[in-house]
Amino acid sequence: MNRNFDFHWDEGGSSDLPCAETYNGGAAFSEIESRIIRDTILGIANQTLVYLTVHSYGQYWLTPWGYTADLPANYDQLYDLAVRAVDKLTAVYGTQYTIGSSTNVLYVNTGPSDDWAMGGAGIPYAYTLELRDTGKYGFELPAEYQVYQVKAKDRVSFDVLVKLYNERSDVYDFWTEPRYVDFTTDVMVPPAFTKTFVDVLEAFNMEYHIKIDDVQHTIIPMPTMSKSGSMSPLEDQDKLLDEALSVVKVQALQMKRCLDKRKLMDALKHASTMLGELRTSLLSPKSYYELYMAICDELQHLEMYLLDEFQNGRKVADLYELVQYAGNIIPRLYLLVTVGVVYIKTNEQSRRDILRDLVEMCRGVQHPLRGLFLRNYLLQCTRNLLPDLAENDPLATESYGNVRDAVDFIQLNFSEMNKLWVRMAYQGHSRDKERRERERQELRLLVGTNLVRLAQLDSVDVELYKKVVLPGILEQVVSCRDALAQEYLMECIIQVFPDEVHLDTLHTYLKACAELHTDVKVHVILVALVERLAAYGQRQQALGQPPIPPHIPLFDIFSDQIGNIAQARPEMPSENLVSLQVSLISLAFRCYPEKINLVDKVLESTLVALDKIAVEKVDFDSALGKELNRLLRMPISHYNSLVTLLQLPHFGQVLQRLDFNGRKSVALHLVNNALDNETYITTQEHVDAVLNMLAPLICDQPDQVLTGQDAEDFAEEQNLMARMIHLLAAEDTDLDQQYRMLTSARKQFGAGGARRIPFTLPPLIYEAFKLARKYFDVRQEDELWEKKCEKIFTFCHQCIAALVKAELAELPLRLFLQGALAASQIIFGTHETLAYEFISQAFTLYEEEISDSKAQFAALTLMAASLEKLDCFSEENSAPVRSKCALLASALLRKPDQCRALILVSNLFWSSTTKELEGKPMRDGKKVLECLRKAGKVATECLDPGVQAQLIVELVNVYVHFFHQGNQHITVTHINELISKVRQDLLPQLENSDEKELIERHLGASCEMLRHRRDNPSTTSDTPSYQGIILD
Amino acid sequence: MDNTEATRRLHTKKQTLDDAYAAPANFLEIDVINPITHGVAKKRYTDYEVRMRTNLPVFKIKESSVRRRYSDFEWLRSELERDSKIVVPPLPGKAIKRQLPFRNDDGIYDEDFIEDRRKSLEGFVNKIAGHPLAQNERCLHMFLQEPVIDKNYVPGKIRPN
């Protein structure tokens, strides 16, 4: 205020910044206060001798000039008068005022009122008084002066009071002089003396009470402003808010009463006092909001009343001018808005001017919190009053305004609010920044409401949006250089305006994105935008329309602008860039589902971006790694087809940028996806490509980290790969292709090393057997089938050999046996030779590699079973194999194993077959008996009678089996001998135990069967007679 | 009805965007922090870190940090009192009582006392440094920005460039 007077205005010592204490107002006499002072003084200047302006602080008695160090012409007189005044003050209070011109005593300051009073209004004596406080309180003088109402009850105390009045009036300010006993006197007491004063009153038993608790508060019934603008701690908030709310309640009630009595001026006074509560700096934004809401409620009553009163439009202009004289700017502007709204409602043709005036006038409040709420009030009050009419609408007259005026109004309000909001960041100590930012977040809606209003204007068409609305918003957003504001507002734009206009203004919007503050998470904004447009595209599609209007190359725009943004913001973390690529892919999926090349384009540009940051391998656990992983998984999950992915040439290349763990994770995802969707791979090229992508699961990688990997996890992974092999399936008619695929796969999996091939080669071998069988099935159609089968078996042989080389034994042995069986079933030229080769390999493996006795027994069991089924051998090949088996059986280490193996081998001589027999069983009873005898002998060699008994009981059953099958070399005597051996010799040796009981029961069951057969002889001739069996 | 009268205003110049969103030009923040008590017995004393950040053109160094003890604040106050026209705010008391022997607590090295004093010193130095006249005084610049105070300096004003 004291820099706003028009005499050498703005020539130094004042500030252009509205927040500065020395703000000059922007123009001389821009403030209504200074104008009122000017007008008042000019009215009486010619009768005025002295102009005094009272200030805090510092004990100065100042004369003009403030704009120059030169002294005024009448300085001597000025000085003389000042000396006399200061002397009087010193006499009363002991204060020492310094006298001089303000430039010389303090500093240059232009536009103060005393300079103008003397230089502008021509008053001869103009002074500025800086009051006595010398810095203890600074600009805000103490408030706790109290006024006591005192009554002396007797002569003595009356004399004391008079004494105080006469001698200590420097301290005690008697508002009325003490006249007689029982007379009531008012005394104002400074804070430092209240205690002494009360002591005196108490000592002399005077009657008193405190009439005014806080003088300043009474004079200015406003909450105390704190200079720093800092707010009170949380615990005080409720109390402060309650106090403010109770004032509001009281004043509102009185306002309504006055309105009822049609006393408008008094009502306005109460409204003004109520609104004065909004001047506080002590409330947090949240509490301030509550207070604001309560007051807004009450203001509605006023508005309703005024609307009724001024329906005819009469006198409203006077009222509009009248409220501008309200004492303080906050109540003044709230009232101005309230009355302005009534003005517009009662007088349509004032709309344009009044709106413009209101939005301009609100500039007067530059305190962020107060300003934001004031402008929010303006916005709320005018929400249905804006001239929302097209420019060519006949109703949109010059004075009514059109949509352009509405847009201007909101945009001006928006830019002012944004300014205040951004400025909030600079208020207070930097250590409170975090809390401040939180509070700013809470207030963002106030600013955003402007954008909502803009979006609600029906008459804004795409053209206007494109030319005026959006550029206007973006100009403010970009210029404010505040990350918090930018991030919120950019998102706000996306959310409040319709999708169609976004499509039309993408370039502008995205260009602004590139210019935002580096702290702004641009990718978040863009992801939101892409999401929205993609959703829009999908909705359009559901309505049967093209997802995106064909003339808008949405994808290209985005992908170009993302490139630009990356370029403009080299410091943007690469993971954010990749997350933009993720959203691009999502856009491509949803709006351009048929254009798979777009997805590849994204992958390609990702690759370029990775090149730029020169990262060789991306750490899977890094933020970038996670985003890349997300990027790669998107097409996998979208297409659900490994083969489709092969149409993305850059997919594999991006994949290669991940480190081992990353590649493995994606590979696992790929495999699981393929298995879940049963994606069959049908050509050799695809096999190569797919297996390349899965490399981390297939073979050792130069950068792999396997330490610490769980063996179970490893097995699980490899089992997945084994299942994957079954997806290698060419068209049924293209067996050659299948063969090529298997060889390709073999090449890749073969490189997997000893740990992996046990999992991966067996399924390949089985697939190969299956293929051979298929060739056999179509042998009529393919004359080369025999050659091909041979090749397949050679292929299998090689595979198994690889497993042998990896120092495995049981597995290749089993595979050799399987191979022999497969070869024997497919009758091509060399199949017997091949089968024999496989069998002999199995035997060699047995002899050379299997040494554990249990494993030997298990292997031998398998070999015997396989041989039994094998039917392609001629006697020449078959005989040695059988005897070899018998030999190996008796060469087993443990007697019980020997015994049981011999029993198994005995079967070979009975039921296996040869080429010569053409599939009929051999039935060599003699050899069977030989084997069984040998087994019996081995059994008796067991020292443990329990084991012996068990083996012999088993033997009994075998004998019975062959006897029943008609082996004539076996007789009832053999059986009797064995039974009695158990009964007579062995069982008595055993102590009673579970083991003994088991054997007895086993034998008992066999005997029961024999008894049945003996007693019920079969009528058919081919079953032998069981007569002569001794069972008891 | 004519409303030009009611809404007639003085024309003000339009604020530029740069002005509207500029950071305040009078940023000044002084923290008095990290009190440390040094030495033993008679040589024992406490000093504080005085850390300043500003964008005021009058200060050549925009960020500085020095260590000062109570007597340095007293020195600054007396210099300003003598040379400048401004009313210098008071310092927190000397706490004579606390310096007497046979106390139950740590006297002037008591943590709570140091914290109270730290707060008062912070208020004091912020009040002074925020005053446009004090900002011209050489002694203030030395106090805030020179590592060591030269008490034999030549008092004088610093002219803003």
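Strand β2 (residues 45-54) of chain B and β3(B) pair in the antiparallel sense over 7 bridges; two strands count as paired if DSSP finds at least two bridges between them. Strands here (E, at least two residues) and helices (H or I, at least four residues) are DSSP runs, numbered from the N terminus. The model is predicted, so local features need pLDDT of at least 70 and side-chain atom pairs count only at pLDDT 80 or more, whereas totals for chains, interfaces and linings use all residues. Residues are numbered from 1 along each chain as its sequence is written, chains are lettered from A and ligands numbered from 1 in the order in which they are written, and side-chain values use heavy atoms, with hydrogens and water left out.

Taken together, 3 strands form an open, antiparallel sheet in the order β1-β2-β3 of chain B. Because β1 (28-38) and β3 of chain B stand at the edges with a single partner strand each, one side of each is left without a neighbour in the sheet. From one strand to the next, the twist averages 20°; such angles are taken between N-to-C directions and run from 0 to 180 degrees, with axes as lines fitted to C-alpha atoms, for helices over the stretch in contact.

Helix α2 (residues 70-83) of chain B packs on this sheet and touches β1, β2 and β3 of chain B, its direction making about 105° with that of β3(B). Contact here means heavy atoms within 4.5 Å. Helix α4 (residues 138-145) of chain B also lies across β1, β2 and β3 of chain B, running at about 90° to β3(B).

Turning to chain A, the secondary structure comes to 43 helices and 8 strands. Of the 1032 residues of chain A, 53% count as buried, that is, under 20% relative accessible area, against over 50% for exposed and partly exposed in between (1.4 Å probe, protein chains only). Among contacts in chain A between residues at least 6 apart in sequence, 74% join residues at least 24 apart.

One open sheet of chain A has 4 strands in the order β1-β4-β2-β3, with mixed pairing. Its edge strands, β1 (50-55) and β3 (98-101) of chain A, each pair on one side only. Neighbouring strands of this sheet are turned by 20° against each other on average, direction ignored. Inside the sheet, strand β2 (residues 60-63) of chain A and β4(A) run antiparallel and are joined by 3 bridges. The bridge partner of A:Y60 in β4(A) is A:E130.

That glutamate also carries an annotation: UniProt, in an unreviewed entry, places the feature "active site" at A:E130. UniProt positions are given in the numbering used here, feature names are shortened, and annotations may be inferred rather than shown by experiment. A:E130 is in strand β4 (residues 125-130) of chain A and is buried, with a relative accessible area of 10%. Leaving aside neighbours within four places in sequence, A:E130 is in contact with A:H55, A:S56, A:Y57, A:G58, A:Q59, A:Y60, A:L62 and A:Y97. A polar atom of the side chain of A:E130 lies 2.9 Å from the backbone nitrogen of A:Y57.

A:S874 is in the loop between α37 (853-869) and α38 (875-890) of chain A. Not counting residues up to four places away in sequence, A:S874 touches A:E832, A:T914, A:K915 and A:E916.

As for confidence, the model scores ipTM 0.81 and pTM 0.62. The mean pLDDT (the predictor's confidence in each residue, from 0 to 100) is 86 for chain A, where 95% of residues reach 70 or more. Among the elements of chain A, helix α7 (residues 215-219) has the lowest mean pLDDT (46) and helix α14 (residues 368-381) the highest (95). Over residues 216-230 of chain A the pLDDT is below 50, and this stretch has 21 contacts in the model beyond near neighbours in sequence. Where pLDDT is low, the predicted coordinates should not be read in detail. For chain B the mean pLDDT is 85, and 92% of residues reach 70 or more.

Methods: Polar contact = N/O pair within 3.5 Å; in protein donor to acceptor, adjacent residues only side chain to side chain.
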